[in-house]
Amino acid sequence: MDALLPLRNEKQSRAEPARMAALAKLPVFWSLEGKRVVVAGGGDAATWKAELLAACGAEVHVYAPVEELGDVCAALLEKGAAHPSGRFIHHNEAWRPDTLSGAALAVADCDSDEEAQVFFTAAQQAGVPVNVIDKPAFCQFQFGSIVNRSPVVVSISTDGAAPILAQAIRRRIETLLPPVLKDWAALAQALRDKVNTRLKPGAPRRAFWERFVDLAFQATPEEGVDTRLVAEMERLSANHAATGRVTLVGAGPGDSEYLTLKAVRALQAADVILFDDLVSNEVLELARREAKRMLVGKRGGRESCRQEDINDMMVALARAGKRVVRLKAGDPMIFGRAGEEIARLEDEGIPVDVVPGITAASAMAARLGVSLTHRDHAQAVRFVTGHSRHGGLPADMDWRALADPKTTTVFYMGGRTAPAIAARLREEGLGGETPVVISANVSRDNERRWQGTLRDLAAGIAVIGYDDPVLIGIGAAFGVRRAPMVTVQPAPFAAGSLAG
């Protein structure tokens, strides 16, 4: 498919985000089954680390004189060396440099930085990864806050900056992951070899695991589910059709937190992502790492990919068996030319589905704290394109209907035609004092807004500028809340002024 790449050229390209954003630490899941680890200290903090290491199957050697053992540690060691996974071995003495030799890990609870430095140096000289509890300067690795659904394990780290925040995140994740996930993970482990043997890498294997995941978040695995999953595997194995599928996904206005759960799942399942120029880097960061990303941007007034070429690309990729996500800013069914893409894919016999997104007008209303259908001011709301394919106002719009004072109207892509929009609406009788809001880059860090009246719309768009995507909201509903409005980033705005 590399022959399709020239659709993307320097004039329409943008600085792409790194496939992986910067990481404070590398998250590593380390096997300790049967390995010898050293824990120096018998206090509560050292005891917790010892229990954690034993839970991973390690042989935990605790070095601490009996008189220095805390109550929790003493009680743990009194129960004997046995542990469900690993085991404890108590040494009634302080650690020595030679006790670190051959250890897989070394952990210590030190009162002072001087003690920590000695332990850290000894571990380094022995070539053993070291952690001194609550002393980040003497740690080569760190323990995260853990959500345990083993074999599913989630670990959260804030690089030592905010342990309380990590604990809060853990509590939130605990509520999202049902305890029965452990049973499903064990079942996946049991089926893995069969899946790898019977299903080829790529679409069939991914389809099976996606079906598995759908079940995993629904209920406890009932009796016979493994038999049904094997039957599903056989069905996928017998289906040799190479055709993939296309999913049109709404990326929302920019803020990645506006994505739906279904949109995130589609991004995580994609082989190829064809994304618009207006899709934010934060949204792309949620995509599957291995997915190929291709910019197919279309922006008014700029050189862009032709729609026909994008359609051809989707068809070619799907015929090659790829799971394609066509990622569109906002909602794909609102000014996203989704109808043309769906029609072409259906004509080619390619499966296509749609994941809706939050359209920019809804996000703008939420950010402003304004109801677009406020019962005292509007009985209808209209989303209207602000320009034709030739760049001017559309020739076939009913301007008299758009000038209805009981209607809230939001113009998309109307930056360059804003003066003409104001003129036409006033010609049809809409009053010059009608409230107007202009929002640029809705929900993004560089969001800017202007609030004024229809009479001053041309001046407002001159202040906002023409380079960024803008929405123009017109109607009495926008006059309900005057400054100060709902607090947003970068700041609330005042009437007749620019915010940001």
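Where is aspartate 134 found? It sits in the loop between strand S5 (130-132) and S6. The legends below describe a predicted model, in which local features need pLDDT of at least 70, side-chain atom pairs count only at pLDDT 80 or more, and totals for chains, interfaces and linings use all residues. Residues are numbered from 1 along each chain as its sequence is written, and side-chain values use heavy atoms, with hydrogens and water left out.

**View 1. Aspartate 134 in the loop between S5 and S6.** Strands here (E, at least two residues) and helices (H or I, at least four) are DSSP runs, numbered from the N terminus. Aspartate 134 is not a glycine, yet its phi is positive, about 60°. The residue is exposed, with a relative accessible area of 74%. Exposed means over 50% relative accessible area, buried under 20%, and partly exposed in between (1.4 Å probe, protein chains only).

**View 2. Histidine 61 in strand S2.** The strand covers residues 59-63. Histidine 61 is buried: its relative accessible area is 8%. Its side chain makes a polar contact of 2.7 Å with the side chain of glutamate 59. Another polar contact, of 2.8 Å, joins the side chains of histidine 61 and histidine 91. A polar contact is a pair of N or O atoms within 3.5 Å; within protein, one must be able to donate a hydrogen and the other to accept it, and residues adjacent in sequence count only if both atoms are side-chain atoms. Leaving aside neighbours within four places in sequence, histidine 61 is in contact (heavy atoms within 4.5 Å) with Arg36, Val37, Val38, Val39, Ile89 and His91.

View 3. Asparagine 148 is partly exposed, at 49% relative accessible area. A polar atom of its side chain lies 2.9 Å from the backbone nitrogen of serine 150. Proline 151 lies in the loop between S6 and strand S7 (152-156). Asparagine 148 and leucine 177 are 29 residues apart in sequence; C-alpha to C-alpha, they are 9.7 Å apart in space.

**View 4. Methionine 413 in the loop between S14 and H14.** The loop runs between strand S14 (407-412) and helix H14 (418-427). Methionine 413 has a positive phi, near 55°, in a residue other than glycine. At 38% relative accessibility, methionine 413 is partly exposed.
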